[in-house]
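Hi,

Here is the structure I promised to pass on. Have a look at it first, and then read my notes below.

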Amino acid sequence: MRNILYIHTHDTGRYIQPYGHQIPTPNLMQLAEEGTLFRHAYNAAPTCSPSRAALLTGMAPHSCGMIGLAHRGFSLNDYNQHLAPFLGANGFETVLCGVQHEARTPEMIGYDRILPTSGKDQTEQDLSGAAAAVEYIKGQPPQPFFLSFGMHNTHREFPDIDPETNPNYVQPPFPMADTKENREDMAAFISSAKVADRCVGMVLEALEEAGLKDETLVIFTTDHGIAFPKMKCNLYDTGMGVSLIFRYPGNPKQGQVIDGMVSHVDVFPTLCDMFDLEQPEWLQGFSILPLLTGEKEEIRDELFCEVTYHAAYEPMRCVRTRRYKLIKLFDEHDGHVPANIDDSLSKSFLVDNGLLELKRDKVMLFDLYHDPVERVNLVNDPRYQEVYEELSARLDAWMQRTDDPLLQGGRVPKPEGAVANKITSLSPKSHDWE
């Protein structure tokens with residue numbers, strides 16, 4: 001095995017066929033059956049740039065500097081800590097095709113090559129990207145290579161609902177009500193997922209036809225949960241939970257699933273182990289390889305997730321174990337932040353029905369064995385006092401260990417030149433900057 005093909009989507013969560021959803025993604029289903037699917041994979045931040053930056057640096061977003069969105073002026077502290085220049089320094093040709101969201105411009109990252117793509121909408125852009133990736137793979141690329149193929153889908157705006165997807169027979173995602181608006185919204189998501197799956201199929205077919213399937217590790221993942229209210233940009237599992245599939249030659253876990261918890265920050269150290277590279281000192285994750293070899297059933301008993309900025313400021317942190325989750329909000333605002341909810345039929349339905357009048361608890365504790373959908377806050381239940389104290393200590397220790405800027409007290413400042421919406425902004429598209 002010599003090469004790495006990193007395939008990633010926008011805002012997909014686990015809403016693909018291999019995770020049991022009635023969403024036709026046959027190419028991803030085949031990839032899962034030929035590889036290993038992680039049932040309990042989580043991001044380090046349920047917002048676009050921080051999630052991707054964490055995966056590609058192996059650090060918490062506040063450690064690598066990406067506490068907000070790259071296109072709004074946030075950035076990594078040091079782009080040499082990105083996976084692409086690290087692999088480039090270790091002999092890989094590094095190639096970007098399609099979406100990246102770790103820098104304002106892709107040239108900042110340091111890829112050897114950036115493949116050109118085009119298109120008037122995200123479907124055309126993704127198909128163009130897939131075609132460019134196919135051309136690269138079939139063009140006898142130098143080995144080893146690291147090819148990052150990123151898609152816009154399933155980000156909003158979704159494409160038109162395809163003729164094969166009838167909203168009458170679609171189930172809206174939990175926690176959305178079963179209404180006409182939400183069924184139509186989910187049908188559009190399904191149509192978007194089909195586009196992404198088509199692109200995945202094109203690239204994987206090219207890899208096989210070029211004779212590189214047995215020379216290449218394929219990783220498929222996404223940045224965070226789907227762009228519906230109470231999902232993306234939330235520390236519930238609906239925001240943190242992500243798809244993650246590894247396929248590589250000689251995999252002893254081929255066709256199996258892994259139940260051990262893993263974080264996106266574990267991907268970088270895993271690649272170091274798989275390709276016999278010395279791990280850089282900045283990594284904060286753990287190698288997944290012992291799970292894949294069967295040496296261990298668990299590599300971690302806790303993981304952490306965070307939000308600082310998305311479209312607007314909304315600082316929160318959480319610690320998750322196998323059974324419990326503790327979420328803490330760190331500012332005085334106790335309502336929903338509408339700019340951090342993507343505009344949609346589902347958002348409009350909730351806003352029209354009083355979403356912005358609802359309050360949120362500042363501290364939330366969930367027993368995920370009895371309440372996997374995170375509805376019952378147990379923080380004031382005396383039976384869970386010890387659990388609360390233990391998780392609070394774990395969260396505080398992690399924040400101390402990683403020098404979380406929230407510990408300095410007060411508001412975490414934006415970098416100079418960065419922009420964010422006011423917390424009263426109704427839409428991320430409005431330009432009422434704070």
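Before counting anything, a word on terms: helices (at least four residues) and strands (at least two) are DSSP runs, numbered from the N terminus. By that count, this protein has 11 helices and 15 strands. Keep in mind that you're looking at a predicted model.

Now for the overall shape. A compact globule of 434 residues would have a radius of gyration near 22 Å, and the protein has 21 Å, so the two agree. The C-alpha trace spans about 60 × 50 × 45 Å along its principal axes.

The accessible surface is about 17500 Å², and carbon and sulfur atoms account for 47% of it. If you take the contacts with a separation of 6 or more, 71% are between residues 24 or more positions apart. As for charges, there are 39 positive and 62 negative ones, and their mean positions lie 3 Å apart.

I also zoomed in on one residue, leucine 358. You'll find leucine 358 in the loop between α10 (345-352) and β15 (363-367).

Histidine 336 is 22 residues away along the chain, with 7.3 Å between its C-alpha atom and that of leucine 358.

Cheers

Conventions: Residues numbered from 1 in each chain as written. Predicted model: local features only at pLDDT ≥ 70, side-chain atom pairs only at ≥ 80, totals over all residues. Heavy atoms only, no water. Rg over C-alpha atoms; globule rule 2.2 N^0.38 Å. Contact = heavy atoms within 4.5 Å. Areas by Shrake-Rupley, 256 points an atom, 1.4 Å probe, with all protein chains shown as cover. Lys, Arg positive; Asp, Glu negative; His and termini not counted. Charge placed at Lys NZ, Arg CZ, Asp CG, Glu CD.
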